[in-house]
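Thank you all for coming.

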Amino acid sequence: MKKVIRKKEYDTETATVVKKHTVGAFGDPTGYEETLYQTPDGFYFVYGCGGAESPYAEESIQCLAKTKVDAWIEAHA
């Protein structure tokens with residue numbers, strides 16, 4: 001997935017996976033997966049996708065400030 005936010009491109013194909021977090025099992029309508037990525041330019045974003053009843057019923061990309069990366073990783077340990 002690719003998305004431009006504030007004139008910066010965030011692309012799951014060109015970014016590096018830092019951490020992946022899964023809730024539920026495949027096919028679970030409330031299950032979802034969040035993946036933290038780092039772009040080649042050093043920016044971070046979270047890609048989310050999931051079941052129809054999950055927080056990610058539609059695919060999304062959200063920017064994540066560098067100052068919040070450690071907290072995100074710790075919260076999803």
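Let me start with His21, which is found in strand E3, and please bear in mind throughout that what we are looking at is a predicted model. Is His21 buried or exposed? With a relative accessibility of 18%, His21 counts as buried, because the cut-off for that word is under 20% relative accessible area. If we leave aside its neighbours within four places in sequence, His21 is in contact with Tyr32, Glu33, Glu34, Trp72 and His76.

Staying in strand E3, we come to Val23, which at 30% relative accessibility counts as partly exposed. Not counting residues up to four places away in sequence, Val23 touches Gly31 and Tyr32. The C-alpha atom of Val23 is separated by 8.6 Å from that of Glu34, a residue 11 places away along the chain.

In which order do its strands run? The order is E3-E4-E5-E6, in an open sheet of four strands with antiparallel pairing. Strand E3, covering residues 16–23, and strand E6, covering residues 60–64, are the edge strands, since each of them pairs on one side only, and the twist from one strand to the next averages 20°. Further inside, strand E4, residues 32–38, and strand E5, residues 44–50, pair in the antiparallel sense over seven bridges, and Glu33 stands opposite Cys49 in E5.

Let me turn to the aromatic rings. How many aromatic pairs does a search of the whole structure find? The search finds three. One of them is formed by Tyr32 and Tyr56, a tilted pair with 5.6 Å from centre to centre and 55° between the planes. This pair links distant parts of the chain, with Tyr32 in strand E4 and Tyr56 in the loop between E5 and E6, 24 residues apart. Both Tyr32 and Tyr56 are buried. The rings of Tyr37 and Phe45, on the other hand, have their centres 5.0 Å apart and their planes at 10°, so this pair is stacked. Tyr37 is buried, and Phe45 is buried as well. Ring pairs also link Tyr10, Tyr37 and Phe45 into a cluster. A further ring, that of Phe43, has Lys66 lying over its face, at 5.9 Å from the ring centre.

Most residues other than glycine have a negative phi. Arg6, although it is not a glycine, has a positive phi of about 50°, and Lys7, which is not a glycine either, has a positive phi of about 70°. Where are they placed? Arg6 is in the loop between strand E1, residues 2–5, and strand E2, residues 8–11, and Lys7 is in the loop between E1 and E2 as well. As for accessibility, Arg6 counts as exposed at 72%, and Lys7 is exposed too, with a relative accessible area of 83%.

Terms used
Residues numbered from 1 in each chain as written. Predicted model: local features only at pLDDT ≥ 70, side-chain atom pairs only at ≥ 80, totals over all residues. Heavy atoms only, no water. Pairing = 2+ DSSP bridges. Helix = DSSP H or I, 4+ residues; strand = E, 2+ residues; numbered from the N terminus. Axes fitted to C-alpha atoms, helices over the stretch in contact; angles between N-to-C directions. Buried < 20%, exposed > 50% of the residue type's maximum accessible area, 1.4 Å probe, protein only. Contact = heavy atoms within 4.5 Å. Phe/Tyr/Trp six-rings, centres within 6.5 Å; stacked < 30°, edge-to-face > 60°. Lys NZ or Arg CZ within 6 Å of the ring centre and 35° of its normal.
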